[in-house]
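This report looks at a ligand site and at the secondary-structure elements around it. Please keep the sequence and the model at hand while reading.

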Amino acid sequence: LELIESDRLKEQFIATMSHELRTPLTAILGFSTLLMRQFHQRFDEQQVMLIERVIENGRHLLHLIEDILDVTRLRANQVELQLETFDAVSLVIHVVEELRSLAEKKNLELNLQIFQPSIIVMNDQTRLRQILVNLISNAIKFTETGNVTVQIRSPQRGQLAIAVQDTGIGISETDLNLIFQEFRQVNQTLARQHSGTGLGLAITKALTQLMGGEISVQSQVGQGSCFLVELPCQVSHP
Ligand code: ADP
């Protein structure tokens with residue numbers, strides 16, 4: 001009972017802290033964006049660069065806080081999908097283009113393979129985008145040479161499958177069981193090479209399940225990984 005109580009307190013602490021951190025951060029972001037927009041002409045190059053860095057780091061911090069809030073909400077079954085009809089193929093094309101510069105910075109090829117010109121789905125567009133961004137940015141982050149390939153198809157009527165494949169560092173069999181757990185990373189030492197909180201895959205898995213789908217992974221150390229998300233085209237509220 002003591003363990004349950006301390007777990008509950010920890011959850012509450014995380015939720016309250018994330019919420020409290022978000023409020024001043026939103027103000028910092030709002031004011032620095034305003035500063036940039038209104039006084040842009042009066043600043044010199046150095047000043048513009050400094051404000052851009054405030055905005056960039058603020059956005060990064062906000063993203064981390066949102067992830068922590070998402071994890072607590074998903075665990076408490078408080079995430080509700082905002083269902084709408086849209087074309088999943090256009091969404092994937094957009095997300096891949098948004099992330100292309102990340103791949104280019106590392107000289108990686110980012111390929112997109114489309115099997116049907118459009119796949120109309122009923123789903124939460126923002127949440128599906130979140131799943132895609134998590135998987136594709138991980139694939140880019142954990143790959144040093146080669147390519148990242150995103151595939152979208154409808155393998156049979158009413159089904160949507162999205163695969164994100166990379167030629168990166170890969171994941172060992174023992175670690176494959178751990179990576180979907182919250183705060184889990186393969187290299188958890190402070191000297192680790194890649195930044196991140198270890199929440200992306202936990203959120204991705206919980207969202208996929210909330211959508212009535214599944215996520216699976218195949219990987220070989222030193223060869224690369226392939227994450228596959230399988231979803232129904234018509235998602236309904238659980
Ligand atoms: P983060 O990326 O913030 O560390 P994630 O939950 O997204 O957290 O991933 C958890 C861990 O799974 C990562 O730290 C990494 O060790 C491993 N991982 C995820 N995606 C890949 C990938 N494409 N290739 C190799 N390892 C990966």
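## The ligand shell

Helix α4 gives the largest share of the shell around the ligand, namely three residues. The model is a predicted one, in which local features need pLDDT of at least 70 and side-chain atom pairs count only at pLDDT 80 or more, whereas totals for chains, interfaces and linings use all residues. Residues are numbered from 1 along each chain as its sequence is written, and side-chain values use heavy atoms, with hydrogens and water left out.

At least two shell residues each are supplied by α4, α6 (200-210) and β7 (224-232), where helices (H or I, at least four residues) and strands (E, at least two) are DSSP runs numbered from the N terminus. Among the 20 residues around the ligand, those that come nearest are N138, D166, Q185, G198 and L201; a residue is near a molecule or strand if one of its heavy atoms lies within 4 Å of it.

Oxygen atoms of the ligand lie 2.7 Å from a polar side-chain atom of N138 and 3.0 Å from one of K141, while a polar backbone atom of G200 is 3.3 Å from a ligand oxygen. The protein covers 95% of the 540 Å² of accessible area that the ligand has on its own, by the Shrake-Rupley method with a 1.4 Å probe, where for residues only the protein chains shown count as cover. A polar contact is a pair of N or O atoms within 3.5 Å; within protein, one must be able to donate a hydrogen and the other to accept it, and residues adjacent in sequence count only if both atoms are side-chain atoms.

## Helix α4

Helix α4 (residues 125-141) has 17 residues and spans 24 Å from its first C-alpha to its last, close to the 24 Å expected at 1.5 Å a residue; that expected span is 1.5 Å times one less than the number of residues. At the N-terminal end, D124 caps the helix with a side-chain oxygen 3.1 Å from the backbone nitrogen of T126.

The buried residues of α4 include N138 and N134, where buried means under 20% relative accessible area, exposed over 50% and partly exposed in between (1.4 Å probe, protein chains only). N134 has a relative accessible area of 9%, and its side chain reaches the backbone oxygen of G200 at 3.3 Å.

## The β6-β7 hairpin

Strands β6 and β7 form a hairpin with three residues between them, and G222 in the turn has a positive phi of about 80°.

Conventions
Pairing = 2+ DSSP bridges.
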